[in-house]
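Good morning, colleagues. I ask you to look at the sequence and the model on the screen, and I shall then go through some of its features in turn.

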Amino acid sequence: MMETSPSKVESWCGWQRESSGSRRSLLGASGLAPTWVQEDMGKSVPQDLGQLDIRKSVVGLAMGAGAIYLLYKAIKTGIKCQPPLCSTSPICIARECPGPGERALSQEAPAFEASSVGGPKGLAIERERHGRDSGELRRLLNSLECKQDEYTKSMILHSITRCVYLLEAEASACTTDDIMLVGSMLDDKDNSVKIQALNTLKAFSGIRKFRLKIQEHSIKVLELISTIWDSELHIASLRLLNNLPLPDFAHPQLRRVMPALMEILQSNYILAQVQAIRLLSSLAQKNDLLYDILNCQVHSNFLNLFQATQPGSLLFEVLLFAERLSEGRNTPHYRAVKWHYNEKSLHEALFGDESRLADRLLALVIHPEEEVQIQACKVIVSLQCPQDMQVRPSFCQASHSYFNGE
């Protein structure tokens, strides 16, 4: 080991004492030294720490008083605020609604006073349940007549739709003028307003007395389908049409919309596809529309709709559509005329000599979903035996089978 000389040790210890003293002096001057350091320096408990604690207490008290004051102002403002006659915000159907001669309370401060029959007396749904008219639906319809921006109109229509479903008595008390008011929103330039108006008309279509009036808008709805390519608009329009018996005067417009319906059916939006195929299945039962449907042009991959990878809900509707088309084309009324079809028509894709529909149907017989299996079998039976020959099974067996090979 190396030996350290005494002179070097003393020199090093002196430097350490000097450094320690300078550090203690610096900490004591800044007021940041701990108590034991300051006591070592001959000082008592520092007055600076006491003053710092007082300042913290004063600041905390001031912040607490400010928060309490702001909370008071917010509550006071909420109590005084009253909704205007034509509010620009969506109206909740469960808010407190005034009775006859009562003053409307703010939505921000609802009352929960119990009624004599139990439950809160102010809720619109509760008033409806106990036979009292809340007036909520009427206020919404009145506010729709005011000049509103697109977003507000969309939200008001959405609230009206909810009211129609939940407040049945108030919805039944509406008039045909109210239906016309909602129907006029189909001419709005904003698609979201159109969609909400379609949803509202569908809600009203559940009330029998309004169906004829709503049918008058069917031409406009078909026009929207054929002129605007928007999936949400298509879904809302088709749901409304599927909920109505379409009048005969709409058939010419329906013929013009057939190409658009076929395009929606072959799109990749499942909800729109299901609604389109449901409408087409219904129209396939109309004798004067069957040829227009069968002669409508389709894509070369149309039979992909019959693949087992498709959602079961869509597969079932497509198979039902095929069954109705097969039954329709085999009726005596339809077979009495010699029809000519386009090479790319739906008829050729499903029933033509080059069609591979039989292969797709046989694959669907073992589909995991039972309703798809059953419907595939129904299509096979309808293809094997024409409807007017089902009473003669021997003829069906002897005739040319759709499923026979070359």
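I begin with one residue. At 15% relative accessibility, Gln-196 counts as buried, where buried means under 20% relative accessible area, exposed over 50%, and partly exposed in between, with a 1.4 Å probe and protein chains only. Gln-196 is found in helix H9; helices here are DSSP runs of H or I with at least four residues, strands are runs of E with at least two, and both are numbered from the N terminus. What does Gln-196 touch, not counting residues up to four places away in sequence? The residues are Ser-154, Leu-157, His-158 and Thr-161, a contact being heavy atoms within 4.5 Å.

Before I continue, a word on the source. This is a predicted model, in which local features need pLDDT of at least 70 and side-chain atom pairs count only at pLDDT 80 or more, while totals for chains, interfaces and linings use all residues. Residues are numbered from 1 along each chain as its sequence is written, and side-chain values use heavy atoms, with hydrogens and water left out.

Let us stay with helix H9. Its 14 residues, 191-204, should span 20 Å at 1.5 Å a residue, and the end C-alpha atoms are 20 Å apart, which agrees. The expected span is 1.5 Å times one less than the number of residues. Is H9 mostly covered or mostly open? It is mostly covered, with 10 of its 14 residues buried. Among the buried residues of H9 are Val-193, Ile-195, Leu-198, Leu-201 and Phe-204, and also Lys-194. The cover over these buried residues includes helix H6 (150-166), helix H8 (176-184), helix H11 (218-227) and helix H12 (231-242).

Ser-192, also in helix H9, is partly exposed, with a relative accessible area of 33%. His-158 is partly exposed, at a relative accessible area of 36%. Between the C-alpha atoms of His-158 and Asn-199 there are 7.8 Å, although 41 residues separate them along the chain.

I turn now to the protein as a whole. There are 21 helices and 0 strands. Of its 406 residues, 40% count as buried. Of the contacts with a separation of 6 or more, 70% come from residues 24 or more positions apart.

The largest nonpolar core has 87 residues, and Phe-302, Phe-306 and Leu-325 have the most contacts inside it. Helix H13 (residues 251-265) gives the most to this core, with 8 residues. A nonpolar core is a set of buried Ala, Val, Leu, Ile, Met, Phe, Trp, Tyr and Cys residues joined through side-chain atoms within 4.5 Å. Leaving aside neighbours within four places in sequence, the contacts of Phe-306 include Leu-315, Leu-319, Leu-350, Leu-357 and Arg-360.

Ala-260 lies in helix H13 and, at 14% relative accessibility, counts as buried. Beyond residues up to four places away in sequence, Ala-260 touches Ile-225, Ser-226 and Trp-229.

Finally, the aromatic rings. Rings of Phe, Tyr and Trp (its six-membered ring) pair if their centres lie within 6.5 Å; planes under 30 degrees apart count as stacked, over 60 as edge-to-face and the rest as tilted. By this rule the count comes to 4 aromatic pairs. In one of them, Tyr-291 and Tyr-341, the ring centres are 5.7 Å apart and the planes are at 40°, so the pair is tilted. Tyr-291 is in helix H15 (residues 287-294), whereas Tyr-341 is in the loop between helix H17 (332-335) and helix H18 (346-351), 50 residues apart. The rings of Tyr-334 and Trp-339 have centres 5.0 Å apart and planes at 20°, so this pair is stacked. Tyr-334 is buried at 5% relative accessibility, whereas Trp-339 is partly exposed at 31%. Ring pairs link Tyr-291, Tyr-334, Trp-339 and Tyr-341 into a cluster.
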